[in-house]
Amino acid sequence: MNNNIADRIADIKSKIGNAVLTAVSKNNPVSRIREAIGAGHRVFGENRVKEAMEKFVSLKEEFPDIELHMIGALQTNKALMAAKLFDVIETIDRPELAKAVSAAIMKIGKKPRLYMEVNVGGETQKSGIEYDKAEKFLRFCLEECNLEIEGLMCIPPQGENPEPYFEKMRLLKEKLNMKHLSMGMSEDYRIAVKFGATEVRIGSAIFK
């Protein structure tokens, strides 16, 4: 049984091959994040800009090699703060946000890596660009906003078999020639890796 954060991180890494483990640290105190850092882990994911700022501004000064991912829905009025703090923004999903992030990048001269969030299950309550509109939105990001999108991100419908959705994302990654595919969480990350995930986002299986 894995009784501490270091052991749980090591166990997950042993099961995901070459995929990157993003430790989802939302709702966890800095002390718990420091345990993960002490185990040598450096890639973290946060859902909210304000919470991330409270925890990671000082942590990134102390540990400059931390890579911080924005994995929650991003409001346009938080785009500037997000661009300053995060190394990767995984949730570009609509024209207004693409424009806001583009303006933020031009203002600060820092370019976080960007992924497009895809609403792969077509769920009305979820954010993400519609699957069938992903290619058009990608062109908009590049041609109208001068944004380089290098990855895709998704959250399959809860309670359903994730395999068909992971397969759709794998095909979309190939079609759009993306480098990264962020999918899979604590309950389904091993399935996601089988379908080509290059990154998995895991919170409860690490910080339980």
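User: Is Glu199 buried or exposed here?
Analyst: Glu199 is buried, at a relative accessible area of 3%. Keep in mind that this is a predicted model.

User: Which residue does Glu199 meet in a salt bridge?
Analyst: That would be Arg113, with an N to O distance of 4.0 Å between the side chains. Arg113 sits in strand 5 and Glu199 in strand 9 (residues 199-202), so the pair ties together parts that are 86 residues apart in sequence.

User: And how accessible is Arg113?
Analyst: Arg113 counts as partly exposed, with 26% relative accessibility.

User: How many salt bridges does the structure hold?
Analyst: There are 19 salt bridges in the structure. One of them joins Arg94 to Asp93, where the closest N and O atoms are 2.7 Å apart. Asp93 is buried at 9% relative accessible area, while Arg94 is partly exposed at 25%.

User: Which residues are linked in a network of salt bridges?
Analyst: Glu46, Arg48, Glu51 and Lys55 are linked that way. Within it, Glu51 pairs with Lys55, and their closest N and O atoms lie 2.8 Å apart.

User: Where do Glu51 and Lys55 sit relative to each other in helix 3?
Analyst: They are four residues apart in helix 3, which means about one helical turn separates them. Both Glu51 and Lys55 are buried.

User: Staying with helix 3, what about Met53?
Analyst: Met53 belongs to helix 3, which covers residues 49-62. Met53 is partly exposed, at 32% relative accessible area. Together with Val57 and Met81, Met53 forms a nonpolar surface patch of about 210 Å² accessible area.

User: New topic: how do helix 6 and helix 7 cross?
Analyst: The axes of helix 6 (residues 134-143) and helix 7 (residues 163-176) come within 11 Å and cross at roughly 40°. The two helices are therefore oblique to each other, and their crossing is right-handed.

User: What about Asn27 and its phi?
Analyst: Asn27, also not a glycine, has a positive phi of about 65°. Asn27 is in the loop between strand 1 (20-24) and helix 2 (30-38) and counts as exposed at 60% relative accessibility.

User: Last one: how far apart are Lys126 and Lys179?
Analyst: They are 24 Å apart in space, C-alpha to C-alpha, and 53 residues apart in sequence. Lys126 lies in the loop between strand 5 (113-119) and strand 6 (129-130).

Conventions:
Residues numbered from 1 in each chain as written. Predicted model: local features only at pLDDT ≥ 70, side-chain atom pairs only at ≥ 80, totals over all residues. Heavy atoms only, no water. Patch = residues over 30% accessible without salt bridge, like charges linked within 9 Å, V, L, I, M, F, W, Y side chains within 5 Å. Areas by Shrake-Rupley, 256 points an atom, 1.4 Å probe, with all protein chains shown as cover. Buried < 20%, exposed > 50% of the residue type's maximum accessible area, 1.4 Å probe, protein only. Axes fitted to C-alpha atoms, helices over the stretch in contact; angles between N-to-C directions. Parallel < 35°, antiparallel > 145°, perpendicular 65-115°, else oblique. Left-handed = near helix turned anticlockwise from the far one by under 90°.
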